[in-house]
Amino acid sequence: MVAYHSMLVTDVRKVVAPGLVADGDFSEVESDAQPVLELVDIAEGINAKNFRERYHDAVQQRGDMNSLFDLGYLGLRDKAKGEALFWKICRRVARLSRQMKHRPKELQDLDQMLASRFVCNFSMFQSIPDFWAFDQLFPIVPIHRLNEIPTERGVLCDITCDSDGTVDRFVDTKHFKESLELHAPLPDEPYYLGILLLGAYQETLGDIHNLFGTVTELNVAVGTDGRRVVSQPIRGDNVRDVLSDFGYEPEALREALARRLAERKQAGLIGDEDEHEVLATSSRVLDDYTYLV
């Protein structure tokens, strides 16, 4: 890598946690299946003294439940309730086990099993290509709420259509870790992460992967008086810019759309309001940032 010179700030758009369902989805489901009833008892009776034993019981009951389901002796609704109970038990065990002085390996693995997927507003391939190309690890940290203890563990997913767009290895004191300590996002409040120590050529290597262009930039310097000096934002690429980079003429595309709309209006398929709405939307989309806003 060349000299570190930048950091990428991204907001978290969504959190997907394994095994979580909306309150009430399964609470009213009745079940006569023995594995599901056993999981109910485990979930209700787990405590700080028996959590390790109860966890192994839950794993066994889940295995029995899956076998019955595969053989056709257990319905989908019963299996869904059993799965929700199993993940509830796992979350409780994980919280209790973190208080242990010497945490067993199988309980350490729970952190990775329970890692949420934090969907972030960036393209891994565009902004940190060294991560997937050369296994380069970058420090990644929350850049606010630093007076709060993180309560979640997660991996980062980008907003590209590529299923490999996941950051699932993070800097640790020894080698790396497979999940990152994060905060639970608050309703209607942004949650920002900083990807630090990026090299000078990251965006050049990214090559507009998945049609995501350059990000909006701020240059930060230290003035002669020691104070921070922040430049005016340099606006990142919009859709019009990226289309032009790939040889398309945005205005020609818009003119072609206008001709098609005029033909449909003449044929009586759409009205004036429809035509104006589509043309206004197309103009707005062309001027939009390629990332989520």
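Is Glu275 buried or exposed, going by its relative accessibility? At 10%, Glu275 counts as buried (buried is under 20% relative accessible area, exposed over 50%, partly exposed in between, with a 1.4 Å probe and protein chains only).

## What you're looking at

This is a predicted model, where local features need pLDDT of at least 70, side-chain atom pairs count only at pLDDT 80 or more, and totals for chains, interfaces and linings use all residues. Residues are numbered from 1 along each chain as its sequence is written, and side-chain values use heavy atoms, leaving out hydrogens and water.

The chain's mean pLDDT (the predictor's confidence in each residue, from 0 to 100) is 89, and 95% of its residues reach 70 or more. Over residues 22-27, though, pLDDT stays under 50.

## Salt bridges

There are 17 salt bridges in the structure (each one a side-chain nitrogen of Lys or Arg within 4 Å of a carboxyl oxygen of Asp or Glu). Back to Glu275: it pairs up with Lys265, with the closest N and O atoms 2.8 Å apart. Glu275 sits in helix H10 (residues 272-287) and Lys265 in helix H9 (residues 250-266), so this pair ties together parts 10 residues apart in sequence. Helices here are DSSP runs of H or I, at least four residues, numbered from the N terminus. Lys265 is partly exposed, at 31%.

Glu83 and Lys79 also meet in a salt bridge, at 3.3 Å, N to O. They're 4 residues apart in helix H3 (residues 76-97), so about one helical turn separates them. Glu83 is buried at 15%, and Lys79 is buried at 17%.

Note on methods: Contact means heavy atoms within 4.5 Å. Helices (H or I, at least four residues) and strands (E, at least two) are DSSP runs, numbered from the N terminus.
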